[in-house]
Amino acid sequence: MITPLLSVIIPTHKRPQFLPRAIESALQAALNGDIEVIVVPNGSDTSWKSVAEQFKDESRVKWHPIEKPHANVARNHGMKLAQGKYIRFLDDDDFLYPEAAQKQLEELIELDADISCGQITKTDEVGNILELAQQLNTDDFIEAAIGRGHSTQPGALVMKRSVTEGCIWDEIINKKQDVYWAWELCKKQELKSFRFRQAVSAWVQHDGQRLSKGHSVNQTSKETAKRALDVYFHLKDQKRLNEERKIAISSRLWRCVHNGLMFEPLYWIKISFTARRISKKGTPATPFYQILPHWLNPLVWELLIVPIRWVKVLTGHHYSN
């Protein structure tokens, strides 16, 4: 069997209206079509079979259904099956921009890098671009993955398959799946990385079923803070911290403080002290903080706005994380 250059793994569940577009875009993501597309339907839904019929003559598309309805279980199953030297993941409701995705892969090969993060667009269901999603302007994947922006969105990343060995997608969580998996990559090893400055993937915004909806903002923030601190201590023990990474981790903790403080003040005040110790330059991801001096502790302002945020909640505003 000839080993493909690239493996693209697409978990799918109850989205037959989007899946063909994702597959078509993936098939064009490597030069000369040197690719395998591993589609992993998960759960009891069988709507994917109508899509499989559309691609029955396409040998590069491989179907591997599993019983458990969980995207991370599907991604792990796909990783075990993948044969490509390089790998990328794509959600079934998103799609790649083939020309840019090809260029990103070619640059990764040329530089002999481990991983690359491209730009992503937010689009509507039919593919109209709504905005370019924010990303941190850095070639350091660790700084980008932990810091502000959307640098862990699956379609944005292409990497050597070898760097994913031993990094399992968490099969318990339904929220921030891509973020936590990227952090596992960061903990495992130092990665030669670069930021690809073109949009390689569309992140489709729609009102369809999403397992990540309906989670507690406070509990999600707690889980994120715990995992961010785990990354911090791993990097510290391995002497892989630098000032930029400290700022990124501190800022991520402050983002959690911003989201959770109104619900559990004492817990988040303690986390804010930790964030401050890691770096005094870390702040919540709110433009207001960019004009404040670094010596001013963000906790002061965060405490002041808690009553205002509760008024918003009582008048129908919904906070999400």
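**Group meeting: a walk through the predicted model**

Histidine 77 is partly exposed, with a relative accessible area of 27%, where partly exposed covers the range between buried, under 20%, and exposed, over 50%, as found with a 1.4 Å probe and protein chains only. Residues are numbered from 1 along each chain as its sequence is written, and side-chain values use heavy atoms, with hydrogens and water left out.

Histidine 77 sits in helix 3 (residues 71-81), and here helices (H or I, at least four residues) and strands (E, at least two) are DSSP runs numbered from the N terminus. Leaving aside residues up to four places away in sequence, histidine 77 touches Val40, His64 and Ile66, contact meaning heavy atoms within 4.5 Å. Isoleucine 9 is 68 residues from histidine 77 in sequence, yet their C-alpha atoms are 9.3 Å apart in space.

Let me turn to helix 6. This helix, residues 177-188, has 12 residues and reaches 17 Å from its first C-alpha to its last, close to the 16 Å expected at 1.5 Å a residue, the expected span being 1.5 Å times one less than the number of residues. Helix 6 is mostly covered, with 10 of its 12 residues buried, and among those buried residues are Tyr180, Trp181, Trp183 and Lys187.

How does lysine 187 pair with glutamate 184? Their side chains meet in a salt bridge of 3.0 Å, N to O, a salt bridge being a side-chain nitrogen of Lys or Arg within 4 Å of a carboxyl oxygen of Asp or Glu. Both residues lie in helix 6, 3 residues apart, which is about one turn of the helix. Lysine 187 is buried at 12% relative accessible area, whereas glutamate 184 counts as partly exposed at 30%.

Lysine 176 is in the loop between strand 8 (157-160) and helix 6; it counts as buried at 14% relative accessibility, and its phi is near 55°, a positive value in a residue other than glycine. As background, most residues other than glycine have a negative phi. Lysine 14, in the loop between strand 1 (6-12) and helix 1 (19-27), also has a positive phi, near 60°, and at 46% relative accessibility it counts as partly exposed.

Helix 7 comes next. The 21 residues of helix 7 (residues 217-237) should span 30 Å at 1.5 Å a residue, and its end C-alpha atoms are 30 Å apart, which agrees. At the start of helix 7, a side-chain oxygen of serine 216 reaches to within 3.4 Å of the backbone nitrogen of asparagine 218, and just after the helix, lysine 239 takes a positive phi of about 55°.

On charge pairing, a search of the whole structure finds 18 salt bridges. One of them joins glutamate 264 and lysine 222 (3.0 Å, N to O). Glutamate 264 lies in the loop between helix 8 (243-260) and helix 9 and lysine 222 in helix 7, so the pair ties together parts that are 42 residues apart in sequence. Lysine 56 forms a salt bridge with glutamate 53, with the closest N and O atoms 3.0 Å apart; lysine 56 is exposed at 57%, and glutamate 53 is partly exposed at 46%. There is also a network of salt bridges that links Asp140, Glu190, Arg240 and Arg245.

Finally, consider the loop between helix 9 (265-278) and helix 10 (298-314), where threonine 283 is found. Is threonine 283 buried or exposed? Threonine 283 is buried, with a relative accessible area of 10%, and a polar contact of 2.7 Å joins its side chain to that of arginine 148. A polar contact is a pair of N or O atoms within 3.5 Å, of which, within protein, one must be able to donate a hydrogen and the other to accept it, and residues adjacent in sequence count only if both atoms are side-chain atoms. Tryptophan 295 has its place in that loop between helix 9 and helix 10 too, but at 68% relative accessibility tryptophan 295 counts as exposed.

Definitions and conventions. This is a predicted model: local features need pLDDT of at least 70, side-chain atom pairs count only at pLDDT 80 or more; totals for chains, interfaces and linings use all residues.
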